[in-house]
Amino acid sequence: MTKTNTIGKIFHIIDYIINCQSPPTLTDMQKNLDIPKSSLYVMLQELCALDILAYRDDKRVYYVGTKLIKQSSNCLSKVDLPKELRFVATSLSKKLHCSVSAGVLDGRNVTYIFESAGATHQPTIKSMGLVVPAHICSIGKILLSGLTNEQIRELYKGVEFEVFTERSISNIDVLLADIDRVRVQGYATEVGEFSPFISCVSHPIIIDNKYVAGISISMAVSRMTPETIENNVMELQKACLDVLERLGVIEE
């Protein structure tokens, strides 16, 4: 097998796993990919060793690894997404007179790539380049909801959860229960989990069924009412749609 053929086959393996509705088995891939079983098995082993793919032994299925997720986020920094996020977040911040942030998932953390404090210039604890554990921020939760529960369990396997306040999520079962709620409602919230004084609501930017970034609105915990959440979710939905239109992903 030539190097070119090998690269092509690896691409097809990754592409197939990404687009499967559920994590596939070796047998599934053998049936759908024109790759000999012995070669397929070796390539899967190598991809798993590099954390590009991951394997769940009890179900014998393969899924996207954390390194591939991280590199996908890194690739986004080479296109216009950060620029469009900055424009839309700034506009939304000025409109609502509050802090608006944007971030991407990097393993178990969220890296904030932009923040605008709005016309009020109110202080916040999040700033560009800040890295925050995903389980205690709304952007982290909304982006984790784009993964399967199996992927999330693998991501946090053997990890001790950092606790910042008495409201911080402290174990995987509570996190998954919260993520399940996020998937149902389509947005994520954070109420005093990173700081006892700050709450946030977030919405995802989804491209090709991938959760590539999140936008959040921050406010004082005392302002986090059902009505405020509903209004902010509507504004975030419009903002995320605006980002996709500006990127040319969807037509205006």
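Colleague: What should I know before we start?

Modeller: This is a predicted model, so local features need pLDDT of at least 70 and side-chain atom pairs count only at pLDDT 80 or more, while totals for chains, interfaces and linings use all residues. Residues are numbered from 1 along each chain as its sequence is written, and side-chain values use heavy atoms, with hydrogens and water left out.

Colleague: How do you know that the span of helix α5 agrees with its 16 residues?

Modeller: Helices are DSSP runs of H or I with at least four residues, strands are runs of E with at least two, and both are numbered from the N terminus. The expected span is 1.5 Å times one less than the number of residues. For residues 81-96 that should be 22 Å, and the end C-alpha atoms are 22 Å apart, so the two agree.

Colleague: Which residues of α5 are buried, and why do we say they line one face?

Modeller: Buried means under 20% relative accessible area, exposed over 50%, and partly exposed in between, with a 1.4 Å probe and protein chains only. In α5 the buried residues are Leu-81, Glu-84, Leu-85, Val-88, Ala-89, Leu-92 and Ser-93. Down the helix axis they fall within an arc of 160°, so they line one face; the arc is that of the directions from the axis to the C-beta atoms.

Colleague: Now the rings. Why is the pair of Tyr-156 and Phe-161 called stacked?

Modeller: Rings of Phe, Tyr and Trp (its six-membered ring) pair if their centres lie within 6.5 Å; planes under 30 degrees apart are stacked, over 60 edge-to-face, and the rest tilted. The structure holds three aromatic pairs. In the pair of Tyr-156 and Phe-161, the centres are 5.1 Å apart and the planes at 20°, so the pair is stacked. Both Tyr-156 and Phe-161 are buried.

Colleague: What makes Phe-164 and Phe-194 edge-to-face?

Modeller: Their planes stand at 75°, with 4.9 Å centre to centre. Phe-164 lies in the loop between α7 (149-155) and α8 (172-185), and Phe-194 in the loop between β6 (188-191) and β7 (198-207), so the pair ties together parts 30 residues apart in sequence.
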